[in-house]
Amino acid sequence: MIRKLLYLSHPEVKIDPQILVPEWELSNMGRRRLKAACARGWPGRGWRIITSPETKAQQTAEFLANAFSLPLHIHPDMGEVDRSATGYVAHDRHKALADALFDHPETGPEGWESAGAATARITKAFQEVVDEVADNMLFVGHGAVGSFLWCALTKIALGRAADQTRCGSFWAGEIGPDGFVPLHPWQALETAGAK
């Protein structure tokens with residue numbers, strides 16, 4: 001049996017330095033992008049949604065679940081890279097830390113969870129779901145861990161080139177008797193339509 005698989009990163013959020021990053025909510029722009037994708041019939045029916053416990057991911061998952069009456073489950077280990085050591089940082093510093101995260105997978109920059117540890121966590125969570133779910137699966141999560149998972153499944157080197165270029169992007173594959181087969185890497189939500 002072949003199962004389809006999608007991984008979607010949450011779209012734009014309301015950035016608020018006074019709120020813990022995992023508790024940030026979707027912005028109006030993020031919601032508009034989701035609404036437009038749903039209006040094009042994406043993802044459609046027949047998916048089981050598995051989401052990160054972070055607020056922005058849960059809101060994304062709930063939006064899609066409500067639009068197409070899809071079952072939704074939260075997996076506690078699908079959160080983004082733990083950045084609580086620094087908390088919110090300005091854009092330029094965040095970019096530099098993210099670059100370091102990809103460049104040095106075994107060392108988390110400034111106390112962040114390392115890419116190696118995050119890869120192990122997200123890969124284990126993914127495998128747990130694949131072992132338990134017989135349906136087509138839509139994972140809703142975050143850019144960095146989604147990139148780490150893509151690299152692990154496709155057996156390519158971890159690097160910034162494999163990262164999404166915009167939040168609210170998705171990659172696709174299939175799970176069959178021979179394991180994971182990639183269909184396409186990250187692409188923007190705007191390319192998603194009824195298949």
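1. Two strands are said to pair if DSSP finds at least two bridges between them. Helices (H or I, at least four residues) and strands (E, at least two) are DSSP runs, numbered from the N terminus. With these terms, Leu 6 stands opposite Ala 172 in strand 5. Strand 1 and strand 5 pair in the antiparallel sense, over 6 bridges.

2. The structure is a predicted model, in which local features need pLDDT of at least 70 and side-chain atom pairs count only at pLDDT 80 or more, while totals for chains, interfaces and linings use all residues. Residues are numbered from 1 along each chain as its sequence is written, and side-chain values use heavy atoms, with hydrogens and water left out.

3. Strands of a sheet pair through backbone hydrogen bonds, either parallel or antiparallel. Here, 6 strands form an open sheet with mixed pairing, in the order 3-2-4-1-5-6. Strand 3 (72–74) and strand 6 are the edge strands, each pairing on one side only. Direction ignored, neighbouring strands of this sheet are turned by 20° against each other on average.

4. Two helices on the sheet deserve attention. Contact means heavy atoms within 4.5 Å; axes are lines fitted to C-alpha atoms, for helices over the stretch in contact, and angles run from 0 to 180 degrees between N-to-C directions. Helix 4 packs on the sheet and touches strand 1, strand 2 (47–51), strand 4 (136–141) and strand 5; its direction makes about 155° with that of strand 4. Helix 5 also packs on the sheet, touching strand 1, strand 5 and strand 6, and its direction makes about 145° with that of strand 6.

5. Helix 5 (residues 143–154) has 12 residues and should span 16 Å at 1.5 Å a residue; its end C-alpha atoms are 16 Å apart, which agrees. The expected span is 1.5 Å times one less than the number of residues. Helix 5 is mostly covered, with 11 of its 12 residues buried (under 20% relative accessible area, with a 1.4 Å probe and protein chains only). Among the buried residues are Phe 148, Leu 149 and Trp 150. After helix 5 comes Lys 155, whose phi is positive, near 60°.

6. A pocket is an open set of points on a 1 Å grid over the protein atoms alone, where a 1.4 Å probe fits, with protein on both sides within 12 Å along at least five of seven lines; lining residues have an atom within 4 Å of a point. The largest pocket is lined by 32 residues, of which Arg 83, His 91, His 94, Gln 164 and Cys 167 lie nearest its centre. Helix 3 and helix 5 are the elements that give two or more residues to this lining.

Note on methods:
Buried < 20%, exposed > 50% of the residue type's maximum accessible area, 1.4 Å probe, protein only.
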